[in-house]
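This briefing is an orientation for a reader who is meeting the structure below for the first time. Please consult the sequence and the model alongside the notes that follow.

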Amino acid sequence: MTTDQANASPAVDSPAADPDCIFCRIVRDDLPSRRVFEDDDMIAFHDIRPIAAVHFLIIPRLHVVSLAHCGEAHAPLLGRMLSKASTLAREQGLADGFRTIINTGRGGGQEVYHLHIHIVGGPRPLGAMLPREV
Ligand code: AMP
Ligand code: ZN
């Protein structure tokens, strides 16, 4: 999927899996991943290019393009993913705190068009969220 296609049609329904999506390939074990958790709804695995000492992703098994493609029907899934983010962050040693990031669409810098939550943190506080533009 191109970024234009992804941004053009934020609809609630998307196919359950996209054969070309790299995260769908991880879900069906067609691509290797270093998993930290999985259940019927979601998978968590280490990011291949970490930006902090701890950096993992939580994705739904379902192919959901982005947060902009979520509706009310996705609320229970999103809630479970966020709740699991907190539990897993603690288990990964981030008892002092962590950052959750969901990049959405071209404007949000999303690179992989399968919804995912980044969980990042490390031994030192992360500091400011983004460099200030002004
Ligand atoms: P985003 O910019 O929010 O779409 O982030 C996509 C993230 O997926 C990046 O941090 C990538 O490093 C990560 N990523 C891409 N391919 C893989 C992979 N095969 N296994 C683990 N992480 C990946
Ligand atoms: Zn997918």
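Strands β1 and β2 (residues 42-46) run antiparallel and are joined by three bridges; two strands pair if DSSP finds at least two bridges between them. Helices (H or I, at least four residues) and strands (E, at least two) are DSSP runs, numbered from the N terminus. This is a predicted model, in which local features need pLDDT of at least 70, side-chain atom pairs count only at pLDDT 80 or more, and totals for chains, interfaces and linings use all residues. Residues are numbered from 1 along each chain as its sequence is written, while chains are lettered from A and ligands numbered from 1 in the order in which they are written.

**The sheet**

- The open sheet has five strands in the order β1-β2-β3-β5-β4, with antiparallel pairing.
- β1 (35-38) and β4 (99-101) stand at the edges with a single partner strand each, so one side of each lacks a neighbour in the sheet.
- On average, neighbouring strands of this sheet are turned by 20° against each other, direction ignored; axes are lines fitted to C-alpha atoms, for helices over the stretch in contact, and angles run from 0 to 180 degrees between N-to-C directions.
- Five bridges pair β2 with β3 in the antiparallel sense, and the bridge partner of His-46 in β3 is Phe-56.
- β3 also pairs with β5 in the antiparallel sense over five bridges.
- Phe-56 has Ile-119 as its bridge partner in β5, and Ile-58 stands opposite Ile-117 in that strand.
- β4 and β5 run antiparallel and are joined by three bridges, with Ile-119 in β5 as the bridge partner of Thr-100.

**Overall layout**

- The chain contains three helices and five strands, which follow the pattern α-α-β-β-β-α-β-β along the sequence.
- Helix α3 (residues 75-91) lies across β1, β2, β3 (54-60), β4 and β5 (117-121), running at about 20° to β5.
- Of the contacts in the chain with a separation of 6 or more, 62% are between residues 24 or more positions apart; two residues are in contact if their C-beta atoms, placed from the backbone, lie within 7 Å.

**Burial and the nonpolar core**

- Buried residues make up 25% of the 134 residues in the chain; a residue is buried if 20 or more other C-beta atoms, placed from the backbone, lie within 10 Å of its own, exposed if 12 or fewer, and partly exposed in between.
- Because six of the seven residues of β3 are buried, this strand is largely enclosed by the rest of the structure.
- β5 is mostly covered, with four of its five residues buried.
- The largest nonpolar core has 23 residues, and those with the most contacts inside it are Ile-58, Ile-59 and Ile-119.
- The elements giving two or more residues to this core are α2 (22-27), β2, β3, α3 and β5.
- A nonpolar core is a set of buried Ala, Val, Leu, Ile, Met, Phe, Trp, Tyr and Cys residues joined through C-beta atoms within 7 Å.
- Apart from residues up to four places away in sequence, Ile-58 touches Met-42, Ala-44, Met-81, Lys-84, Ala-85, His-116, Ile-117 and Ile-119.

- Ile-43 is found in strand β2 and is buried, with 20 other C-beta atoms within 10 Å.
- Ile-43 and Leu-57 lie 14 residues apart in sequence and 8.1 Å apart in space, C-alpha to C-alpha.
- Beyond its neighbours within four places in sequence, Ile-43 is in contact with Ile-26, Val-27, Arg-35, Glu-38, Ile-59 and Arg-61.
- Leu-94 is found in the loop between α3 and β4 and counts as buried, with 20 C-beta neighbours inside 10 Å.
- Leaving aside neighbours within four places in sequence, Leu-94 is in contact with Val-54, Ala-89 and Gly-121.

**The ligand surroundings**

- Ligand 1 is surrounded by Ile-22, Leu-31, Ser-33, Asp-47, Ile-48, Arg-49, Asn-103, Gly-109, Gln-110, Glu-111 and Val-112, where a residue is near a molecule if its C-beta atom, placed from the backbone, lies within 6 Å of it.
- By class, this shell has four nonpolar, four polar and three charged residues; Ala, Val, Leu, Ile, Met, Phe, Trp, Tyr, Cys and Pro count as nonpolar, Asp, Glu, Lys and Arg as charged, and the others, Gly among them, as polar.
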